[in-house]
Structures are given as C-alpha cells and as structure tokens.
Amino acid sequence: MRHDIPPLTEVRRTTQKKRDAWWTVLLVDPLATPLVRWTALWTRITPNQITWLALFFGLGAAGCFAFGTWNWLLVGALLYHVSFVLDCMDGKLARLTGTGSVFGAWLDYVFDRIRVLVCAVALMGGQFSRTDDVIYLWLALAVVFLDMLRYIDALQIFKIRHGMRKQIKARARRAREAENATELAFMEDLLRENPEADADAVAAHHGGETDTAAEAAEERAVPAQRASASAVVPVTVPAPQGDTRPGRPVTAIVDLHREFRSRFPGYLRLRAFLLRHRIRTHLVSGIEFQMAVFIVAPALNAVVPVTIGAGVLLLVFELAIIYKLLLSTRDFARTLDSFDAAESRRRAQEEEAAESGAPVAG
C-alpha cells in the first residue's frame, strides 16, 4: 500500500481534465477516478499495462460483435464501455503517479485507432453475415473514415491555431522591445479560466476597458461593427502618481474568436454553462461518435439508424469547428494588421521626432 496517494477529492482535481467530452464527464469519470485512486493505492499496475488491458477488452467487444445476435451485441457494448473506462484510467494514473511517458501516449493513441477499426469491422461484418445487407459494409467504411477524419481535422486545426498564436506572440515580442510594452494574453484562455465572465468583463478584470468608454459602449451596442474591429483589446492602468503621462498599455488581450461570438452571442452563455460542469462545447466529437456506434447502437439493436445519426451529428460539429476556424483566421489577419499599423505609427513618430529634435513619447 502506498501512503503518498491523496484523498479522492484531490485525485479528482489532479487527474480529471478541465474540459472533457460529456460522455466521459457524466458516465466515465465517476467510476474511473475512484478506480484510479484504488489502483495507485493498492497495486503496482502501470499506465501502459492499463492501456494493454483496454485493448484486450476492446478486442473482446469486437469478438462479441462478430456473432451478430442481440445478446452478443449487448455483451459487446458492455465490454466496449469497460474498455473505454480503462482507456481513461491510464492517463489519469499517469498524472496521479507521475509515471507518464511519450511512448505511453503513442501507445494509447495507436491502440485507440486499432480498437475502432477492429470493432467497426466486427460489428458491421457480423450484421452483414446475418442479414446479407450491403449497407453494413458501407457503414464499416463510413465509421473508419469518420474516425480518421475527426483526428486528422483536430490535429490540423491545432497546428493552425498554434501557428497563429506563435506569429502573434512574435509580433508582440517585437512590439515590447520597441515600445517597452509588457504582456500578451489570449481571450480564449482568460475565458476558460473564468467561464462565468463575458469578453468585456474579462478585459475589465485585467486592468481596464477598451480604448475609450465611448468605443466600448458603441461596440456593445453594435455587434456587427464589433466584429469588424481589431481583435486586439489594449488594457491600460493609471499612470504612477506624479507622472503626467497617460496610462501605458500593459496587456494586449487578443481575441481570435471575436467575430464568431459576435455572430452567435448566445455561445458564451452556453460555453460558460458547460464549462462549469467540465463539458466542452464540441458535444459530438470522436468519443461520442464511438460510444454511439459501439455502445448505444448494439445495446438498442439499432445499428443502422444510430450509426447514421451519429455520423451526421459528427460531421455537423466538425463543420461548425471549421467555420469557427475560418472566422478565427479573419480575426488573426486583423490582429496582424493592428500590429503593423502600430509599428507604422511608431516609425512615423520616430521620424517626426528625429526631424524636430524632440524625444519620442514613450
């Protein structure tokens, strides 16, 4: 027995993600988290061993699916859920005990894809052998394709967002060196830390309002005009006592989802509600799709309608994310333009000061 494992409340805080799929939050974490604590407390099982065990149960589910009858489908659905619970436990155990590894992350990812592929072939193949209906062959291809599409899309969107942030941080770094400005923050990160707040409240909390009170009021009154504005909100603090200069910008809050929120004003309220319960706004992702196909559909003996419905919902949410990315790239372009405009103004001031012999205002 280990004596360094904290109480269950602390284990929840340490191991559970701040945002996760609703299936995981509601149906997996309540079971997986206590099991992780028990495993760490009483056994020497490693995260990689749990990953192998999850694959074993997943292959067991595939074997049950291959028989095709409802009784075996029900057993397969149960085994798949056990496999997914174990799949969630390996990462939690790694975070709790500090035994995670890069290879373990790779193993977990590859085994997830193997499980989906084998279970899709077994489930649809079992139904085809029982009914001779060719639709099950098409559904097998559709499940594998959608699972692949989901992960490729997520990876590419992450890379693009990371690249946009990297470019903005580089511009902000140059601006700090040139103008002695200070910090940069992203509105998305600030809202994630405080899901109760809206964008204006976050800006106020971090030091002040936008350029002027009139501009802020105008933006709140006209959402479409707000979307066309720069995605950089300068936040200021008062000048030190005795200093006659105006307050100096200390934080540029970059909002790369400004246009999206202006078009869908209710999004922040929904997002805040879900975040309070640790649920991400991507309500039908790869996890929900898998659970629908390999748990709900077999348990209800309704493989065709549930699989088609889940596939359509997955595509709808993926298209919504792509649309959100499109709007985000527009905010990104406006942000770079704002940095370019600020640089042009700075250079113009330097040239004027050089011509007149006066110091440049800092």
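**Helix packing and ring contacts in a predicted model**

User: How do α1 and α4 pack, in terms of angle and axis distance?
Analyst: Helix α1 (residues 8–15) packs with α4 at an angle of about 105°, and their axes are 9 Å apart. That angle makes α1 roughly perpendicular to α4, where angles under 35 degrees count as roughly parallel, over 145 as roughly antiparallel, 65 to 115 as roughly perpendicular and the rest as oblique. The axes are lines fitted to C-alpha atoms, for helices over the stretch in contact, and angles run from 0 to 180 degrees between N-to-C directions.

User: And what sort of model is this, and how are things numbered?
Analyst: This is a predicted model, in which local features need pLDDT of at least 70 and side-chain atom pairs count only at pLDDT 80 or more, while totals for chains, interfaces and linings use all residues. Residues are numbered from 1 along each chain as its sequence is written, and side-chain values use heavy atoms, with hydrogens and water left out.

User: Which residues meet between α1 and α4?
Analyst: From α1, Val11, Thr14 and Thr15 meet Lys92, Arg95 and Leu96 of α4, contact being heavy atoms within 4.5 Å. The residues of this contact divide into two nonpolar, two polar and two charged; Ala, Val, Leu, Ile, Met, Phe, Trp, Tyr, Cys and Pro count as nonpolar, Asp, Glu, Lys and Arg as charged, and the others, Gly among them, as polar.

User: Staying with α4, are α4 and α5 roughly parallel or antiparallel?
Analyst: The axes of α4 (residues 70–97) and α5 (residues 102–131) come within 12 Å and cross at roughly 175°, and the two helices are therefore roughly antiparallel to each other. On the α4 side the contact involves Leu73, Tyr80, Ser83, Phe84, Asp87 and Asp90, and on the α5 side Asp108, Asp112, Arg115, Val116, Cys119, Leu123 and Gln127. The residues of the contact of α4 with α5 divide into six nonpolar, two polar and five charged.

User: How many helices and strands are there in the chain?
Analyst: The chain has 14 helices and three strands, taken as DSSP runs (helices H or I, at least four residues; strands E, at least two) and numbered from the N terminus. Of its 362 residues, 41% count as buried, meaning under 20% relative accessible area, with exposed over 50% and partly exposed in between (1.4 Å probe, protein chains only). Among contacts between residues at least 6 apart in sequence, 75% join residues at least 24 apart.

User: Switching to rings, how many aromatic pairs does the structure hold?
Analyst: The structure holds eleven aromatic pairs. In one of them, the ring centres of Phe56 and Phe57 are 5.8 Å apart with the planes at 85°, so the pair is edge-to-face. Rings of Phe, Tyr and Trp (its six-membered ring) pair if their centres lie within 6.5 Å; planes under 30 degrees apart count as stacked, over 60 as edge-to-face and the rest as tilted. Phe56 counts as exposed at 58% relative accessibility, whereas Phe57 is partly exposed at 24%.

User: Which residues do ring pairs link into a cluster?
Analyst: Ring pairs link Phe260, Phe264, Tyr267 and Tyr323 into a cluster, and Lys324 lies over the face of Phe260, at 5.3 Å from the ring centre. Elsewhere, the charged end of Arg113 sits over the ring of Tyr109, 5.4 Å from its centre. A charge sits over a ring if NZ of Lys or CZ of Arg is within 6 Å of the ring centre and within 35 degrees of the ring normal.

User: What is Arg161 in contact with, leaving aside its neighbours within four places in sequence?
Analyst: With those neighbours left aside, Arg161 is in contact with His257, Lys324 and Leu325. Arg161 lies in helix α6 and is partly exposed, with a relative accessible area of 25%. Its C-alpha atom is separated by 9.4 Å from that of Leu256, 95 residues apart along the chain.
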